[in-house]
Amino acid sequence: MKLKWKAVATEAKLLLIGIPLLIWTLIPIYHLFLFAISGRDSATSGRLWPKEPTLQNFALVFGEKHFYLEHFWLQLWNSLLIAVSVGVLTLFVATTAAFSISRLKVKGGRTVMNLALFTYFIPAAFLAVPMYKTMGNYGLLNSQWALILAMVTIASPYCIWVLKQASDKLPWELDEAARIDGASPLQLFRLVYLPLMTPSLVAVGTYALLLAWNEYLYAFLLLSNDRSVTLAVALGNFLAADDSPWELLMATGLIYALPPAAIYYAFKRYMVGGLTAGAVKS
Amino acid sequence: MASLQFRNVEKNFGSVKVIHGIGFDIADGEFTVLVGPSGCGKSTLLRMLAGLEEISGGTISIDGLVVNDVESKDRDIAMVFQSYALYPHMTVADNMGFSLKLRKADPKLTADRIAQAAKILNLVPYLERFPRELSGGQRQRVAMGRAIVRDPKVFLFDEPLSNLDAKLRVAMRAEIKALHQRLKTTTVYVTHDQVEAMTMADKIVVMQDGRIEQIGTPLELYDRPANLFVAQFIGSPAMNVASGTLHRNADAAWVEAEGGIRWPLPAGAAGQDGQAVVYGVRPGDLSLGGGARAVPGEVIVVEPTGAETELLVQVGAAQIVVVMHGRTDVQPGQKIALAVALESVHLFDPAGGATMRA
């Protein structure tokens, strides 16, 4: 009986921490949702539920029926294109790098990785201007490539590090067995390494994709044309005027927040490993 | 099928030398076991043969062709790892066929070979399973199947049974031996377990500290160990040894050990009167019995195993092991006399441990 009370007490303590944390997290989202379903006049009324909830805002957004939303679909497409490109490119860079450093033991590989990680000592905001300058030198300003390359640069060091750690855990004998079986490094990479790294690859790819999807500063800096910016930048532009259409901003924001949630949900199972079970006796 | 030649083979890891100029030959079709304590260099030697470690000095040849600079995949060898090293994302069939797939072999030939190997190894019902769905012994068999399918010149085994439980180990030991008798492929097998070495090998290479201590058939090593190390390493339980001084007079020769114990020697034993020696006798060459030359002792522990009984006996300052066939009613604490089979006694030089022969 005593033990049971102890369990209840522990549970209560956890709830005591958990519930405020949940509320803390959900309030902004609820706020977002509340604005999105309120009419223009009632948005800031301070009520917990609007008198006349409406989906009118979404219709306006989808129909691009506002000055700020002129290019909504195009900008959403830009966000998607850039995020996916960053995800794929980062994945390519990080996977090949991690494979070379961890499995092929390329000389100096670790140093390169550590130098790359070192860039995180400098806040990304400080690097924004040098990055702008660099992209200018390459003649890429106002091209979406500028943002893609910048985001790959920012995401890669962390992704390389994560994948390298994951690679180190793969049993070394698999490489040796494959070498004896006659695999070239490229075959080893394609036929043994990639299949075994899939869970980590999905996790890392998702990370890079979402990083690019959510990026504001670099997108704002490197893209200026209304037709090439991402939706994140377009959302920021809402605040340019004194009488910002908050209800539309929040509706668009809600739409913008859905794909990341969906991606997380879809790839949740990959975030957990377990594929290497049975490879070696441990 | 191939013969192997090791010539003055050396290996350095940085400034540390782990293999000191090893040379020996392995004949075509021979089952050779490299055995020795951990860190003796046996696995390193095997990995050098496999092409997984560079050869720092000397040469290794397969069928007369020096392979120092030949890549693993071109050496036509197959290796079974201690950890099995199965590809976890491939089925048993794909694991076994991987090397042929890499060589772009005819799919029909690959399928035939896999079917054949699976039949030999009793893996037919498991071909579509993944390694994680197999037991340890089955995984080990898949690893062997992967080697068989390639039909290589040489099979390499790196402690393949270490991860199995005792019972399965004995069964797999017999399976590997039967497989060799059937395929007759030259095999190099590394183990730290001298029982495995004794039971499986045509030829045993005993190694210590990167050097070869002795090469020979299992019974040669058992009956005529070259030195104290081999004598104590081969055989289970290990040989009993006692340091002492050799004495001989007109009638007899013996070794006088600490505590005035006199270990009897045959009349023709090597060595001079008064020389310091190490006396060695195997547990099975001692028996309960009397006689003028019997050695007195006191039983400490009795360990019956059914077919045999092991006695731990205090003799002078030393504790020795006696293995008796059958059963005994000897009790702990009992004073006994031990008779020595004189023809099976070994003498070693205490400096260097070399066997002294008459």
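Guide: What follows is a short tour of a predicted model, one question at a time.

Visitor: Which elements is chain A built from?

Guide: Chain A has 11 helices and 0 strands. Of its 282 residues, 32% count as buried. Take the contacts between residues at least 6 apart in sequence: 77% of these join residues at least 24 apart.

Visitor: How is chain A divided into domains?

Guide: Domain 1 holds residues 1-69 + 241-256, and domain 2 holds 71-230. The C-alpha centres of these two domains of chain A lie 33 Å apart. In chain B, the assignment gives domain 1 (4-225) and domain 2 (240-348), with C-alpha centres 40 Å apart.

Visitor: How many residues does each chain bring to the contact between A and B?

Guide: Chain A brings 21 residues and chain B brings 24. On the side of chain A, the elements that give two or more residues are α7 (172-181) and α8 (185-214).

Visitor: Which residues of α7(A) are buried, and what covers them?

Guide: The buried residues are A:Leu174, A:Ala177, A:Ala178, A:Arg179, A:Ile180 and A:Asp181. Their cover includes α8 of chain A, and from chain B it includes α1 (42-50), β6 (77-80) and α2 (92-102). Just after α7(A) comes A:Gly182, with a positive phi of about 105 degrees.

Visitor: Why is B:Val66 called partly exposed?

Guide: A residue needs 20 or more C-beta neighbours within 10 Å to be buried, and 12 or fewer to be exposed. B:Val66 has 14 inside 10 Å, so B:Val66 falls in between and counts as partly exposed.

Visitor: Where is B:Val66, and what is B:Val66 in contact with?

Guide: B:Val66 sits in strand β5 (residues 65-66) of chain B. Leaving aside neighbours within four places in sequence, B:Val66 is in contact with B:Thr59 and B:Ser61. B:Val66 and B:Leu4 are 62 residues apart in sequence, and their C-alpha atoms are 9.7 Å apart in space.

Visitor: Which residues touch the most other members of the largest nonpolar core?

Guide: In this core of 150 residues, they are A:Val86, A:Leu147, A:Ala150, A:Met151 and B:Leu156. Helix α6 (residues 144-168) of chain A gives the largest share of the core, 14 residues. A second, separate core has 11 residues, including A:Phe35, A:Val61, A:Leu249 and A:Met250.

Visitor: Which residues does B:Leu156 touch?

Guide: Not counting residues up to four places away in sequence, B:Leu156 touches B:Leu46, B:Leu49, B:Ala50, B:Ile77, B:Ala78, B:Met79 and B:Val188.

How values were computed:
Residues numbered from 1 in each chain as written. Chains lettered and ligands numbered in written order. Predicted model: local features only at pLDDT ≥ 70, side-chain atom pairs only at ≥ 80, totals over all residues. Contact = placed C-beta atoms within 7 Å. Helix = DSSP H or I, 4+ residues; strand = E, 2+ residues; numbered from the N terminus. Domains from an automatic or database assignment. Core = buried A, V, L, I, M, F, W, Y, C linked by C-beta atoms within 7 Å.
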